[in-house]
Amino acid sequence: MVITNTYQAVITTPVGRIGLRMVGEAVSALDYLPAAAPEQPATDAATETVVSQLQVYFRDPGYRFSMPLATTGTAFQQRVWAALQAIPPGTVLRYGELARQLETAARAIGGACRTNPLPILIPCHRVVSRQGLGGYAGAVTGDPLALKRWLLQHEGVDVASKKVN
């Protein structure tokens, strides 16, 4: 059972229910929730801003988020997450390409993507494997990959092509 009072908002989106946690004015977590999780309006103006920006993104896939983020992670994870935010909507990079840019290993990039506390806002869905989509939120099969596929298609990426299949 999901306890929604741990979230400052629970919203319905085209990819399902999303819970938002805030630290002050900054977003600290974006969680995919079960469909049965009850909606919860934003508890404050900062959270309402995040909700509004997400709604714009779901209408306009080219939208670039501009909100404060409160992420905790290692220096390496922070570096990868910053690089992910620089990938434009509708663009994909392979894990290996991003690894070369950051002078590290592809598996390390995958590990940082897996621990991303703010999917969509820190667009780890824009990183794919050489053989296909790769993983999403730590999964390589099932619903998380459907979310990744939907987000990429929403941004205009042809996931059925050899480029990202």
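The domain assignment divides the protein chain into domain 1 (9-59) and domain 2 (75-155). The model is predicted. The centres of domain 1 and domain 2, taken over C-alpha atoms, lie 21 Å apart.

The two domains touch. On one side, 11 residues of domain 1 take part, and these are in contact with 12 residues of domain 2. The size of an interface is often given as the accessible area lost when the parts come together. Between domain 1 and domain 2, the buried area is about 1100 Å². Carbon and sulfur atoms give 73% of that area. Three residues stand out on the domain 1 side: Leu30, Tyr32 and Tyr57. Together they supply 53% of the area that domain 1 buries against domain 2, more than any other three residues.

Polar and charged interactions were then counted. No salt bridges link domain 1 and domain 2. Polar contacts do occur across the interface: the rule finds four residue pairs, with both residues of each pair at pLDDT 80 or more.

Strand 3 provides the largest share, five residues. By residue class, the domain 1 side that touches domain 2 holds 10 nonpolar residues and one polar residue. Charged residues are absent from this side of domain 1.

Terms used
Residues numbered from 1 in each chain as written. Predicted model: local features only at pLDDT ≥ 70, side-chain atom pairs only at ≥ 80, totals over all residues. Heavy atoms only, no water. Domains from an automatic or database assignment. Contact = heavy atoms within 4.5 Å. Buried area = accessible area lost by both parts, 1.4 Å probe. Salt bridge = Lys/Arg side-chain N within 4 Å of Asp/Glu carboxyl O. Polar contact = N/O pair within 3.5 Å; in protein donor to acceptor, adjacent residues only side chain to side chain. Helix = DSSP H or I, 4+ residues; strand = E, 2+ residues; numbered from the N terminus. Nonpolar A, V, L, I, M, F, W, Y, C, P; charged D, E, K, R; others polar.
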